[in-house]
Amino acid sequence: MVVENVNEFGILKAILGSLTHAETIRANCLVLINTVLNHGPQCGTEEPLLHIVPLALLDLEGGKLLIRGELNDFSPAIESAVDPLAEWLHGLPLPLQTACAYIKSAKCTILECLEVYKERRSQEEADPFAALLQDADPGVLATKVVWETSLKFIQDEEKMMALETLRICAYAIPEQIPYNFLANFLQGEYSLEQFEKVIAQLRELALLDGDNHACRIHRSFQAFLRAEMRNAGQEADFLTKWLRIVNTVAEQLSSLSMLHAISLLDHASHHNDILEE
């Protein structure tokens, strides 16, 4: 959630007040609030003041407030739709935010979005791996459904490039992944125009976050993408392909990009056959 002006601090306080795991999380967030109060409204700035990444589950009221804040809709008309979405996603902040981004991108209603999720989940439940997830933690399967639904929303001609981009991010350091680092990997297969379009779509769907120079990806999403690669038996081939590219462009990489390349190498170190090659 982004608090964009001083009038939204009431929303922020309501969300913080509904966090379930007691004072530790609330204290961490209050440090951020104080920073904003010291440097934001008094200066009269119109820039976004604060990014909040809740570290705990939200109760039902907190989940509802987060949905309303993300959609910027506090009217009574959506009350009956907000409740079931918050419940279905088990009060998990990250998938709730991703769901809201999907609603805005797909220009659908909350209930239409929920129907899409339910239909996809019924398909997923036939998968033995998904059944294991459901038994272990229903919230994990719900999160998987949300992410995969957002990925499927990307246009067909850009879908493979989007997946490749996310998979590279999954093995990189999660913060400050330079776009030119990603472009180095994808050059020769896609145009710069396609790359910029895909990055814009991934940011719009809240699958990536970032600015005009670099992106970041949530660690939970990284873990999900890596697990999908391993379960499909594709991880070793994927890492081998990209490490070969690293070898060809290593001299062109900045020190920051090299750190991300080292992260790829670290993941590859778990595959003896890659290291031998």
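1. Helices, of at least four residues, and strands, of at least two, are taken here as DSSP runs numbered from the N terminus. On that basis the protein chain has 15 helices and five strands. The model is a predicted one, and the points below should be read accordingly.

2. The mean pLDDT of the protein chain is 76, and 72% of the residues score at least 70. Of the chain's elements, β5 has the highest mean pLDDT, at 93, while helix α2 (residues 22-39) has the lowest, at 36. Over residues 1-11 pLDDT stays under 50, and the model has 26 contacts beyond four places in sequence for them. Over residues 15-55 pLDDT likewise stays under 50, with 60 such contacts in the model. Where pLDDT is low, the predicted coordinates should not be read in detail.

3. Some totals describe the chain as a whole. The protein chain has 277 residues, of which 48% are buried. Its accessible surface comes to about 14200 Å², and carbon and sulfur atoms account for 54% of that area. Among contacts between residues at least 6 apart in sequence, 71% join residues at least 24 apart.

4. Three strands form an open sheet in the order β3-β5-β4, with antiparallel pairing. The edges are held by β3 (177-178) and β4 (209-210); each has a single partner strand, so one side of each is left without a neighbour in the sheet. Strand β5 (residues 214-216) is joined to β3 by two bridges, and the two run antiparallel. Proline 178 stands opposite alanine 214 in β5.

5. The structure holds nine aromatic pairs. One of them involves tryptophan 88 and tyrosine 117: the ring centres are 5.7 Å apart and the planes lie at 15 degrees, so the pair is stacked, since planes under 30 degrees apart count as such. Tryptophan 88 belongs to helix α4 (residues 79-88) and tyrosine 117 to helix α6 (residues 110-124), so the pair ties together parts that are 29 residues apart in sequence. Tryptophan 88 and tyrosine 117 are both buried. Ring pairs also link Trp88 and Tyr117 with Tyr102 and Phe153 into a cluster.

6. A further ring pair is formed by tryptophan 147 and phenylalanine 224. Their ring centres are 5.2 Å apart and their planes stand at 40 degrees, so the pair is tilted. Distant parts of the chain are linked in this way: tryptophan 147 lies in helix α8 (residues 138-153) and phenylalanine 224 in helix α12, 77 residues apart. With buried meaning under 20% relative accessible area, tryptophan 147 qualifies because its value is 5%. Phenylalanine 224 qualifies as well because its value is 11%.

7. The buried residues of α12 are Phe221, Gln222, Phe224, Leu225, Arg226 and Met229. An α-helix has 3.6 residues a turn, so residues three or four places apart point the same way. Just after α12, glycine 233 takes a positive phi of about 70 degrees.

Methods. Residues numbered from 1 in each chain as written. Predicted model: local features only at pLDDT ≥ 70, side-chain atom pairs only at ≥ 80, totals over all residues. Heavy atoms only, no water. Buried < 20%, exposed > 50% of the residue type's maximum accessible area, 1.4 Å probe, protein only. Contact = heavy atoms within 4.5 Å. Areas by Shrake-Rupley, 256 points an atom, 1.4 Å probe, with all protein chains shown as cover. Pairing = 2+ DSSP bridges. pLDDT = per-residue confidence, 0-100. Phe/Tyr/Trp six-rings, centres within 6.5 Å; stacked < 30°, edge-to-face > 60°.
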